[in-house]
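The sequence and the coordinates are shown first.

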Amino acid sequence: MQEADRIMAERVHAVITASAPALAPKLWYGMPAYALDGKIVCHFQPAAKFKARYATLGFSDVAKLDEGTMWAAGFALTEVTAAVEARIAALVKQAVS
């Protein structure tokens, strides 16, 4: 993983493992992912993997993020700030609730 993506991935990993210890880290198509009962709940997609301009934090249909008839299942990341860490923590906690 390129350095910029690796630094973000490490911070995202720290937030996810601290916020939702029930999630098990694993690799999913070569990307860091987190599973509950063997099913992927969320994953970090590095920008360089698909030559994109931003990394992505994605959530599967297993994540309990349902809100009405439409909700976000992926979030672009250009930097992991304290505010972003707080948002990730809230999303992950909701996803496994």
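## Overall fold

The protein chain contains 2 helices and 5 strands. Their order along the sequence is α-β-β-β-β-β-α. With a radius of gyration of 12 Å, close to the 13 Å that the globule rule gives for 97 residues, the protein chain is as compact as a globular protein of that length. The model is a predicted one, and the values given here are computed from it.

Along the principal axes, the C-alpha atoms of the protein chain occupy a box of roughly 35 × 25 × 25 Å. Of the contacts between residues at least 6 apart in sequence, 40% connect residues at least 24 apart.

## Surface and charge

Buried residues make up 36% of the 97 residues in the protein chain. The accessible surface amounts to about 5,900 Å², and carbon and sulfur atoms contribute 55% of this area.

The charged side chains comprise 10 positive and 9 negative ones. The centres of these two sets are separated by 3 Å.

In soluble globular proteins, nonpolar side chains tend to be buried together. In this protein chain, the largest nonpolar core consists of 23 residues, and those with the most contacts inside it are Val-12, Ile-16, Leu-23 and Phe-59. Two or more residues of this core come from each of helix H1 (3–19), strand S3 (39–45), strand S4 (55–59) and helix H2 (82–96).

Apart from its neighbours within four places in sequence, Leu-23 is in contact with Ile-16, Tyr-34, Ala-35, Leu-36, Val-41, Cys-42, Val-92 and Val-96.

## Thr-56 in strand S4

Thr-56 is located in strand S4. Thr-56 is classed as buried because its relative accessible area is 17%, which falls under the 20% limit for that class. When residues up to four places away in sequence are set aside, Thr-56 touches His-43, Phe-44, Gln-45, Gly-74 and Phe-75.

## Loop residues with positive phi

Most residues other than glycine have a negative phi. Asp-37 has a phi near 55°, a positive value in a residue that is not glycine. Asp-37 belongs to the loop between strand S2 (31–36) and S3, and its relative accessibility is 75%, so Asp-37 counts as exposed.

Lys-51 sits in the loop between S3 and S4. Its relative accessibility of 80% is over the 50% limit, and Lys-51 therefore counts as exposed.

## Asp-66 and its contacts

The loop between S4 and strand S5 (74–77) contains Asp-66. Leaving out residues up to four places away in sequence, Asp-66 touches Trp-71 and Gln-94. Asp-66 and Thr-81 are 15 residues apart along the chain, and their C-alpha atoms are separated by 25 Å.

Note on methods:
Residues are numbered from 1 along each chain as its sequence is written. This is a predicted model: local features need pLDDT of at least 70, side-chain atom pairs count only at pLDDT 80 or more; totals for chains, interfaces and linings use all residues. Side-chain values use heavy atoms; hydrogens and water are left out. Helices (H or I, at least four residues) and strands (E, at least two) are DSSP runs, numbered from the N terminus. The radius of gyration is taken over C-alpha atoms; the globule rule is 2.2 Å times the number of residues to the power 0.38. Buried means under 20% relative accessible area, exposed over 50%, partly exposed in between (1.4 Å probe, protein chains only). Contact means heavy atoms within 4.5 Å. Accessible areas come from the Shrake-Rupley method with a 1.4 Å probe; for residues, only the protein chains shown count as cover. Lys and Arg count as positive and Asp and Glu as negative; His and the chain ends are not counted. The place of a charge is taken as NZ of Lys, CZ of Arg, CG of Asp or CD of Glu. A nonpolar core is a set of buried Ala, Val, Leu, Ile, Met, Phe, Trp, Tyr and Cys residues joined through side-chain atoms within 4.5 Å.
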